[in-house]
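Biologist: Please take me through the terms used for this structure and the values behind them.

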Amino acid sequence: MVIPLSLFYHALNPLSFLLGNPSHAQLLAQLPPSLIQTKSPSSELFEMTVQELKPLVDHQSKKFVLLDVRNPDEHNFAKLRDSVLIPLPEIQQGFGVEKLKKVLNGRPLVVYCRTGNRSAEALAILQKHGIQGTNLKGGILAWSQEIDPSVPQY
């Protein structure tokens, strides 16, 4: 179920509560409704597909933060354009959370890893620190298989 844009401000969507900044809501209203995502049936995690992410990467990459939580060697091998690397261990230790808060600057957050598992774990930690975001379902592997086969798989 995708939350209709008309209900956006009343829905418990993580993208609507980043930092509680009123200008943030205005920014989100400019984004396509596909960024307002469905919840995973098994959790309270918001997810989006690679097909939903593609137009954002292609045309609006400065209006949101694309966070890669994989390890540096994985990021160097294959990455999504304009992504920011903060490895999961840094988030688990806390200093990655502070680093991310500086990067977000009121923008929506989309988190990815190889398959979506580490990014889901990272989002659970970030939620405890008041940071909401959307998980990329299937991770960079799905991106490579469904969107851009030039992105190496591993």
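**Terms and values**

Modeller: Ser-119 sits in helix H6, residues 117-128; helices (H or I, at least four residues) and strands (E, at least two) are DSSP runs, numbered from the N terminus. The model is predicted, so local features need pLDDT of at least 70 and side-chain atom pairs count only at pLDDT 80 or more, while totals for chains, interfaces and linings use all residues. Residues are numbered from 1 along each chain as its sequence is written, and side-chain values use heavy atoms, with hydrogens and water left out.

Biologist: Why is Ser-119 called buried?

Modeller: Buried means under 20% relative accessible area, exposed over 50%, partly exposed in between (1.4 Å probe, protein chains only). Ser-119 has 0% relative accessibility, so Ser-119 counts as buried.

Biologist: What makes Asp-58 and Arg-81 a salt bridge?

Modeller: The term requires a side-chain nitrogen of Lys or Arg within 4 Å of a carboxyl oxygen of Asp or Glu. The closest N and O atoms of Asp-58 and Arg-81 are 3.5 Å apart, and the pair forms a salt bridge. Asp-58 lies in helix H2 (residues 50-59) and Arg-81 in the loop between helix H3 (72-77) and S4, so the pair ties together parts 23 residues apart in sequence.

Biologist: Which network of salt bridges includes Asp-58 and Arg-81?

Modeller: Lys-54 is linked with Asp-58 and Arg-81 in that network.
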